[in-house]
Amino acid sequence: MLKLVRRTAALLGCAAMLSAAPAIAQDAAANYPDKPIRLIVPYPAGGATDILARMMAQKFQEEWKQPMIVENRSGAGGTIGANQVAKAEPDGYTVLFSITAMVQQISLMNLPYDPLKDFIPLTQVAVSTSVLAVPQSIPANTLPELIAYVKSEPGNHTYGTYGAGTSSHLQGALLNLQAGTELTHVPYQGAAPLMTAMMGDQLTATFFDAGSSRQHLPKFKLLAVTGPERLSWLPDVPTLKELGMHSFEPRGWFALFMPKGTPEAIADKFTAQAQEILKMPDVREKIESMGLIPGGMPRAEFGPFLEAEAKVYADIIRDTNITLN
């Protein structure tokens, strides 16, 4: 009888603890944030990712009256910084600012974390588009003309990228597959050397990130853009979909994440504030001035979106036989 009483008491105690957990989480969210937040950017300072992260951090500080400290933890294609966040205390005080590569890497690398399971997706901050560009010296003004030109001299043409496994690499390989061309992949260590090579007529073509390359795009012939519709500031440049190509609809993105296990109430509060910031006219103006599209996708949609994106890129990587070996 005594054992039964003790067991009943223990069960009642567990039930009380479980019922109190939501209330504790709500209290934590109500007081959040009450100390500085670390915003981890897994890429070097100065790029579009870093610029957007610092803009968001400044706005969060103004709204919440708590410091948001941007830390650049670059290396290994962004995986070093992402892994730091994945392993961080899930209390809402360590946040990741990442990009599309996060889900592309699932099919390209052995990662120390699972991008779809070890993070809570919060919201997109901005969306980017790629532009298929060729130097002015290339005798092609349209995509069909480029394809014909490359096929007329098999093995003699190249496409440059921001590096192996990047979006520009995947897009170039997909173009080769669908157009039947043999553009040789030439990877560069980032945007600056790729731009230099294109301006020096060292390449036949590339897929530029429209936002980070916007000021230089008038120097090239622009044949097509990725994404589901044309860019408002490049209205005369058709989409690859319009030109009969498929699987070029995905756009790049910049987004916020927290470690798995972060209380939902805190994740919701952070996301709601981020979305309010993204509605601010000066923030939207800044994002658009970078050639990007303001984000703000709801949390309920962002998770399924990432899963769908991962599958699209997995199919592209499989079909084009891309490896990082």
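Let us begin with a question: does Lys-311 count as buried or exposed, and at what relative accessibility? Lys-311 counts as exposed, because its relative accessibility is 53% and the cut-off for that class is over 50%. Please keep in mind throughout that this is a predicted model.

What does the side chain of Lys-311 meet in a salt bridge? The partner is Asp-315, with a distance of 3.2 Å from N to O. Both residues belong to helix α10, which spans residues 299–320, and they sit four residues apart, about one turn of the helix. Asp-315 itself is partly exposed, its relative accessible area being 23%.

Asp-315 also has a salt bridge with Arg-318, and here the N to O distance is 3.0 Å. This pair, too, lies in helix α10, with a spacing of three residues, again about one turn of the helix. For Arg-318 the relative accessible area is 52%, so this residue is classed as exposed.

Arg-318 in turn forms a salt bridge with Asp-319, where the closest N and O atoms are 3.1 Å apart. Asp-319 is partly exposed, at a relative accessible area of 40%. Through shared partners, then, the salt bridges join Lys-311, Asp-315, Arg-318 and Asp-319 into one network. For the model as a whole, the count comes to 13 salt bridges.

I turn now to the pocket. The second largest pocket has a volume of about 160 Å³. Which helix gives the most to its lining? That is helix α6, residues 167–179, which contributes four residues. The residues that line this pocket include His-169, Ala-173, Asn-176 and Leu-177. Also among them are Tyr-159, Ala-164 and His-185, together with Thr-320, Asn-321, Ile-322 and Thr-323.

How many residues of each class does the lining of the second largest pocket have? There are five nonpolar residues and six polar ones, and no charged residues.

To close, I return to the two topics. Salt bridges with shared partners link Lys-311, Asp-315, Arg-318 and Asp-319 in one network. Thank you for your attention.

Technical notes: Residues are numbered from 1 along each chain as its sequence is written. This is a predicted model: local features need pLDDT of at least 70, side-chain atom pairs count only at pLDDT 80 or more; totals for chains, interfaces and linings use all residues. Side-chain values use heavy atoms; hydrogens and water are left out. A salt bridge is a side-chain nitrogen of Lys or Arg within 4 Å of a carboxyl oxygen of Asp or Glu. Helices (H or I, at least four residues) and strands (E, at least two) are DSSP runs, numbered from the N terminus. Buried means under 20% relative accessible area, exposed over 50%, partly exposed in between (1.4 Å probe, protein chains only). On a 1 Å grid over the protein atoms alone, a cavity is a set of points where a 1.4 Å probe fits but cannot get out, and a pocket is an open set with protein on both sides within 12 Å along at least five of seven lines; lining residues have an atom within 4 Å of a point. Grid points are joined across faces, edges and corners, and a volume is the space filled by probe spheres set on the points. Ala, Val, Leu, Ile, Met, Phe, Trp, Tyr, Cys and Pro count as nonpolar, Asp, Glu, Lys and Arg as charged, and the others, Gly among them, as polar.
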